[in-house]
Amino acid sequence: MEEIRPFEFKECVSIIKSTGKSAKSLRGLRDMIASVSGDSIFHHTYQYFLKGHALEYTNDFAHWAGESLEERALCERLSNIDPYDFKEIDDLRSELLRVIDEYIENFPEPREAVEGDEFYFNEPVTLVFPVGTRARNLAEFLTAAKYIDQGSFYFHFYEARVRLGGGVDDFSKWFEDALGRKKLAEKIRAIDPFMHSVEGIREHMVKAVEEEVRTDMESGL
Amino acid sequence: MKRYAGIAPQRDLLLLKRLGERLKGRSFLHINSTRAGGGVAEILQRMMPILQELGIDARWEVIEGDERFFDITKKIHNALQGNPEEITEEMWNYHFEVNRRNAERLNLDADAVLIHDPQPAPLVEFRKRGKWIWRCHIDVSKPRKEVCDYLMRYCRKYDSAIFSVSKFAKTMGIPEFIIPPSIDPLSDKNRDMSESAIRETLDKLGIPADRPMLLQVSRFDRFKDPIGVIKAYRMVKKYNDCILVLAGSPATDDPEGEEVLKEVQEYAADDPDIRILLLPLFSDRDINALQRAATVVLQKSLKEGFGLTVSEAMWKGKPVIGGAIGGIPLQIVHGVTGFLVHSSEGTAFRIRQFLNNPEMARRMGEKGREHVRGNFLITRQIRDYLTVWYCLENKGTLIEL
């Protein structure tokens with residue numbers, strides 16, 4: 001019998017590097033978004049999910065538009081951009097620019113941020129490391145999933161979508177490829193990453209896996 | 001390290017272990033300008049044994065200087081924080097000269113050298129080998145340009161720089177990392193204390209425990225706005241009976257402290273409910289007790305590198321009010337983990353809110369503690385310093401350990 005490839009839980013930690021670029025006005029923000037590195041766009045959008053949804057926005061640009069420029073409508077529009085809708089960072093960049101351009105066209109002179117409240121563009125440097133936990137079957141996976149750190153969940157669920165593409169995450173990929181559980185994989189892929197905090201994703205996933213384990217037990221597998 | 005299990009986030013401990021495995025046996029030298037007083041010395045004191053436990057050959061050296069040197073560096077410090085100060089060529093030369101003498105005295109040979117703040121910045125001219133990193137702990141968001149430009153002559157010669165907050169970063173042409181400082185939850189200043197120990201300290205310091213206590217712990221420095229704090233307290237006092245405690249320790253690299261202390265004492269003179277405490281160095285247990293006994297903790301700074309006293313108070317579950325400057329907004333998420341203010345009036349209003357809504361104060365205090373656990377504990381900061389060192393030796397934006 002072929003041995004099942006275990007799931008190795010990893011974790012990622014990012015430290016932040018300044019790009020030296022900043023914006024004081026909406027036009028300045030727009031021009032910088034057009035020219036900064038993809039890593040910087042990634043940090044200010046995808047990595048916002050690492051902040052645990054403590055605030056009411058979904059990316060740093062929306063946060064700044066709302067808090068520092070006090071442009072509420074723009075901040076709602078920027079918050080509504082789901083980064084997981086885009087295959088490439090440059091597609092996401094184009095959408096950010098489209099929304100800002102449209103806003104500038106209608107409201108040509110939005111206010112500037114007060115001094116010291118400018119938007120500072122940063123980039124991440126990310127370290128990935130194994131946490132020392134492996135799961136060889138669903139039951140082991142369930143136990144681990146309940147207790148592993150949020151950063152591990154972020155890495156396997158959020159970061160993986162960017163790494164693997166096609167709306168696929170590490171968890172569902174393992175369920176499908178290693179365990180042959182396509183239905184469970186589909187259930188996990190159906191969880192909207194944009195609408196949940198890391199803890200919310202954990203809750204949904206634990207529930208789905210628990211159901212699967214219970215069904216196995218009841219059917220005598 | 002085991003003592004941090006269950007206190008610090010698991011990810012930080014794990015990454016520390018992994019980085020420790022890779023950097024084991026290598027040397028890591030820290031240099032600053034004071035052994036005691038202020039947040040930098042405090043954190044270095046706690047950081048060394050942890051680095052050594054990870055197997056890293058960590059050393060901490062302090063540069064020596066006379067009164068003239070520290071007068072000059074205090075002026076440089078003030079100018080970098082935006083105060084009008086004139087630093088003459090002769091003063092810069094003396095700054096360099098004292099560093100040159102220190103370079104002769106100190107062993108600068110290490111695999112990684114972390115230089116803290118402007119005082120020892122010129123040491124980079126005497127580098128031997130290894131990665132040199134300049135760590136800026138102060139608020140340099142609006143510095144006096146000519147002073148900043150002069151200092152940058154040295155700083156650009158480093159392999160990398162670290163700032164506490166994004167807005168402090170400069171365009172220096174070297175990698176600039178953003179790393180907030182931290183507190184040690186197990187230090188005398190932050191570890192749990194019994195009610196009786198707290199009461200004992202209050203008795204010793206002559207602080208009555210019969211009324212709500214407002215507390216600001218900081219050096220006696222105009223940038224910490226102790227006068228503004230007294231103004232806020234006076235506004236509150238019309239509505240709520242309370243006492244104000246202003247507590248600070250002298251720092252050997254701050255010659256202005258005495259002058260500011262006198263100003264504050266004069267301003268407070270006639271009010272027995274304002275207690276000004278000049279605590280001796282290493283009064284960590286007393287500060288811990290004061291923070292735990294406080295009803296509301298203030299850090300109404302006008303300029304602030306980071307303002308670690310905010311995290312200290314939040315770690316103790318206290319409601320905090322801080323000036324919306326420097327690193328304070330990173331710690332205080334306005335309305336969630338405390339309140340950010342811009343004036344004495346704003347401070348007074350928020351103090352009154354806390355005094356009249358203990359449930360809200362408790363809730364914000366709890367959120368504050370979790371915020372500190374996730375972001376501002378010493379294990380995270382050591383992890384970040386080692387990460388910078390590792391990144392400088394292993395290029396890339398995604399590094400597998």
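Predicted model: local features only at pLDDT ≥ 70, side-chain atom pairs only at ≥ 80, totals over all residues.
Student: In which order do the six strands of the open sheet in chain B stand?

Tutor: Strands of a sheet pair through backbone hydrogen bonds, either parallel or antiparallel. Here helices (H or I, at least four residues) and strands (E, at least two) are DSSP runs, numbered from the N terminus, and two strands pair if DSSP finds at least two bridges between them. In chain B the order is β9-β8-β7-β10-β11-β12, with parallel pairing. Because β9 (274-278) and β12 (339-341) of chain B each have a single partner strand, they stand at the edges, and one side of each is left without a neighbour in the sheet. On average, neighbouring strands of this sheet are turned by 20° against each other, direction ignored.

Student: How many bridges join β11 and β12 of chain B?

Tutor: Strand β11(B), residues 320-323, pairs with β12(B) in the parallel sense over three bridges, and B:G323 has B:V341 as its bridge partner in β12(B).

Student: Which strands does helix α8 of chain B touch?

Tutor: Two residues are in contact if their C-beta atoms, placed from the backbone, lie within 7 Å; axes are lines fitted to C-alpha atoms, for helices over the stretch in contact, and angles run from 0 to 180 degrees between N-to-C directions. Helix α8(B), residues 257-268, packs on the sheet and touches β8 (243-248) and β9 of chain B, its direction making about 160° with that of β9(B).

Student: Where does B:D225 lie, and is this residue buried or exposed?

Tutor: Most residues other than glycine have a negative phi. B:D225, although not a glycine, has a positive phi of about 50°, and its place is in the loop between β7 and α7 (226-237) of chain B. A residue is buried if 20 or more other C-beta atoms lie within 10 Å of its own, exposed if 12 or fewer, and partly exposed in between, with C-beta atoms placed from the backbone. B:D225 counts as buried because it has 23 C-beta neighbours inside 10 Å.

Student: How many helices and strands has chain A?

Tutor: Chain A has ten helices and two strands, and 38% of its 221 residues count as buried.

Technical notes: Residues numbered from 1 in each chain as written. Chains lettered and ligands numbered in written order.
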